[in-house]
Amino acid sequence: MRFVVLAYSRMFAMEQAACQSILKSLDSHYGTLASALTLFPQQAAEKEGPFGALFISSQPDVLSPERVQDSKLFKLLVRRHMPTVLADASAAKHVSGDPLVASFPYLRFYAEVPVLSKEGEIVGVLSICSQQPRECSVQELGVAVECAAKLQEI
């Protein structure tokens, strides 16, 4: 099954199975609850706005598009070309009341890596999360960074 997404006026064709494989490898490597890929439509990439045009989760029963729609997570918390890590989301003022933190699935650890186009534009975010707080340095997110780079090739 192919998804075609318009992001920064470019067409991206993505294989859902290939994305699922990458997400499952992240879950296995980091021992996390779930991981997800959000690709933004052009207008969401330009401003913090509507939910991404494409959302794929390694655990759709835990992180479905409907469940994450009202969340601040999975949409690029910080607009920069580097990973962002929240060791304990319940202690972070800007997301402590988030529906995914304050209620099921009670996320604590959250990390995101921007997905870049070949031109270096941010077109989405690759996220990993867990119900347990944990310390994780940006360097420890190397596998997630590599996976985000692989997504450019799909």
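## Backbone around Tyr106

Tyr106 is found in the loop that links helix 4 to strand 6. The model is predicted. The phi angle of Tyr106 is near 55 degrees, a positive value in a residue that is not glycine. With a relative accessible area of 43%, Tyr106 counts as partly exposed, because that class lies between the limits of 20% for buried and 50% for exposed.

The loop between helix 4 (99-102) and strand 6 (109-116) also holds Pro105. The peptide bond that joins Phe104 and Pro105 is cis, with omega at about 10 degrees.

## Phe74

A positive phi also occurs at Phe74, where the angle is near 70 degrees and the residue is again other than glycine. Phe74 belongs to the loop between helix 3 (65-68) and strand 5 (84-86).

Is Phe74 buried or exposed? Its relative accessibility is 0%, so Phe74 counts as buried; the cut-off for that class is under 20%.

## Strands 3 and 4

Strand 3 (residues 34-39) and strand 4 run antiparallel and are joined by four bridges. Within this pairing, Leu39 stands opposite Leu54 of strand 4.

Strand 4 covers residues 54-57. Leu54 and Ile56 point one way from the strand, while Phe55 and Ser57 point the other way. Which of these four residues are buried? All of them are: Leu54, Phe55, Ile56 and Ser57.

## Chain as a whole

The chain contains five helices and seven strands. Read from the N terminus, the order of elements is β-β-α-β-α-β-α-β-α-β-β-α.

The chain has 154 residues, and 48% of them count as buried. Its accessible surface is about 7,500 Å², with 52% of that area belonging to carbon and sulfur atoms. For contacts between residues at least 6 apart in sequence, 59% join residues at least 24 apart.

## Summary of the local features

Phe74 is buried at 0% relative accessibility, whereas Tyr106 is partly exposed at 43%. The cis bond between Phe104 and Pro105 involves a proline in the loop between helix 4 and strand 6.

Terms used
Residues are numbered from 1 along each chain as its sequence is written. This is a predicted model: local features need pLDDT of at least 70, side-chain atom pairs count only at pLDDT 80 or more; totals for chains, interfaces and linings use all residues. Side-chain values use heavy atoms; hydrogens and water are left out. Helices (H or I, at least four residues) and strands (E, at least two) are DSSP runs, numbered from the N terminus. Buried means under 20% relative accessible area, exposed over 50%, partly exposed in between (1.4 Å probe, protein chains only). Contact means heavy atoms within 4.5 Å. Accessible areas come from the Shrake-Rupley method with a 1.4 Å probe; for residues, only the protein chains shown count as cover. Two strands pair if DSSP finds at least two bridges between them.
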